[in-house]
Amino acid sequence: MEQITVPGTLDSLSEISKYVLSAASAARLDKKATYRLRLAVDEIATNVIIYGYEDAKIQGNLDLQAKIDDSSLTILMEDNAGAFDPTTKFMLEEESINLPMEQRAIGGLGVYLAIQGVDRFMYERSGDRNRNIFVVHLH
Amino acid sequence: MAFDVTLEMENTTATITLNGALDASTAPKFKEEIEKVPTGKVKTLVLMMEDLEYMASAGLRVLIYTKQKMGAHTDIYVVKPQEMVLETLVKTGFDQSVIVVDNPPKIEKV
C-alpha cells in the first residue's frame, strides 16, 4: 500500500487508525485481529507523539507503510523523535497488571497492549529514526 | 473518528454515555465529564459503553483517574461493553476494579 506521512500530533491518530483499518481490510484480517492491530499502532503512535515530540518540544512526522504478502500484514511506522525502544517498557507494564486500579500509576499499559496485540513486534533504530514494526500473520 | 460523551445525574448516581472511538485525542473530553461529577454526593458511576466502538489505554487512564477521584467506596458500573473493549478491560485487569453488567443498576431513590 502507498505510504502515508502525518504530522506528529494527536489529531493525526484518527488518520493513522483509518490507514491501519484499510490495510487490515485489504489483507482480509478478521475483526478481532483488526481491532488489536489498530490498537497496537495507535498506542505506539500516541507514545511517539506525546513523549517523543510534544514533551520533547520537537516537531516531526510519522511515516506509515503497510506491506501485505501471502503470509502476513506488516505495518512499519517511523519517526524522528529521540530513541525509544518500547520493548524495554513491556515487562514493567506487565508487572502492574495485577495491582488494583486505584493503586496504578496514571500512564503505562499502552505498550503492553500494543506488543501483546500483534503476532510479532520489532523495534529498530536506524540513524536518527525509530522504526516500529507490527506483524500479523494471515491464516 | 468521532467521539461523544454525555453526563446525566440522578440522586446519587452519575451516568456517562460513551459513543465512538476513545483514544488519546478524545480522552480529554471524557475526563472533562468525569471532572463535573461531584465527588461527595455520587455513590454510583455508570458508564454506558454499548456504542463505544474503540478504547485505547488513554481511556483506561481516565478510568484510573476516576477511581482515584471518586474513592474506593464508589461503585463503577460498565454497562454492555463491546467484545473488544471488554477484552482490553480483561487483559489489563481493569475488570477486577469495575462491575461489568448487561443492564444499568437501579437508581437509588432518596
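Which residues in H1(B) meet which residues in H2(B)? Point 2 takes this up.

1. Ground rules. This is a predicted model, in which local features need pLDDT of at least 70 and side-chain atom pairs count only at pLDDT 80 or more, while totals for chains, interfaces and linings use all residues. Residues are numbered from 1 along each chain as its sequence is written, chains are lettered from A and ligands numbered from 1 in the order in which they are written, and side-chain values use heavy atoms, with hydrogens and water left out.

2. H1 and H2 of chain B. Helices (H or I, at least four residues) and strands (E, at least two) are DSSP runs, numbered from the N terminus. From H1(B), B:Ala27, B:Phe30, B:Lys31, B:Ile34 and B:Glu35 meet B:Ala58, B:Gly59, B:Val62, B:Leu63, B:Tyr65, B:Thr66 and B:Lys69 of H2(B). Contact means heavy atoms within 4.5 Å. By class, this contact has seven nonpolar, two polar and three charged residues. Ala, Val, Leu, Ile, Met, Phe, Trp, Tyr, Cys and Pro count as nonpolar, Asp, Glu, Lys and Arg as charged, and the others, Gly among them, as polar.

3. Geometry of that pair. H1 (residues 27-36) and H2 (residues 57-70) of chain B have axes that come within 9 Å and cross at roughly 15°. H1(B) is therefore roughly parallel to H2(B). Angles under 35 degrees count as roughly parallel, over 145 as roughly antiparallel, 65 to 115 as roughly perpendicular and the rest as oblique. Axes are lines fitted to C-alpha atoms, for helices over the stretch in contact, and angles run from 0 to 180 degrees between N-to-C directions.

4. H2(A) packs with H3 (residues 83-91) of chain B at about 55°, the axes lying 10 Å apart. That angle makes H2(A) oblique to H3(B). The contact residues divide into four nonpolar, one polar and six charged. H2(A) supplies A:Lys31, A:Lys32, A:Tyr35, A:Arg36 and A:Leu39. Among their partners in H3(B) are B:Glu83, B:Glu87 and B:Lys91.

5. The buried side of H3(B). Buried means under 20% relative accessible area, exposed over 50%, partly exposed in between (1.4 Å probe, protein chains only). In H3(B) the buried residues are B:Met84, B:Val85, B:Glu87, B:Thr88 and B:Leu89. They pack against H2 and H4 (110-116) of chain A, and against S3 (44-55), H2 and S4 (75-79) of chain B. B:Gly93 follows H3(B) and has a positive phi, near 80°.

6. The core. The largest nonpolar core has 77 residues, and A:Leu37, A:Phe134 and B:Phe30 have the most contacts inside it. A nonpolar core is a set of buried Ala, Val, Leu, Ile, Met, Phe, Trp, Tyr and Cys residues joined through side-chain atoms within 4.5 Å. H2 (residues 31-54) of chain A gives the largest share, twelve residues. Beyond four places in sequence, A:Leu37 touches residues including A:Val20, A:Leu73, A:Ile75 and A:Phe134.

7. Two buried loop residues. A:Ala81 sits in the loop between S3 (72-79) and H3 (87-96) of chain A. It counts as buried because its relative accessibility is 3%. A:Gly8 lies in the loop between S1 (4-7) and H1 (13-26) of chain A. A:Gly8 is buried at 9%.

8. A strand residue. A:Ser72 belongs to S3 of chain A. Its relative accessible area is 10%, so A:Ser72 is buried.
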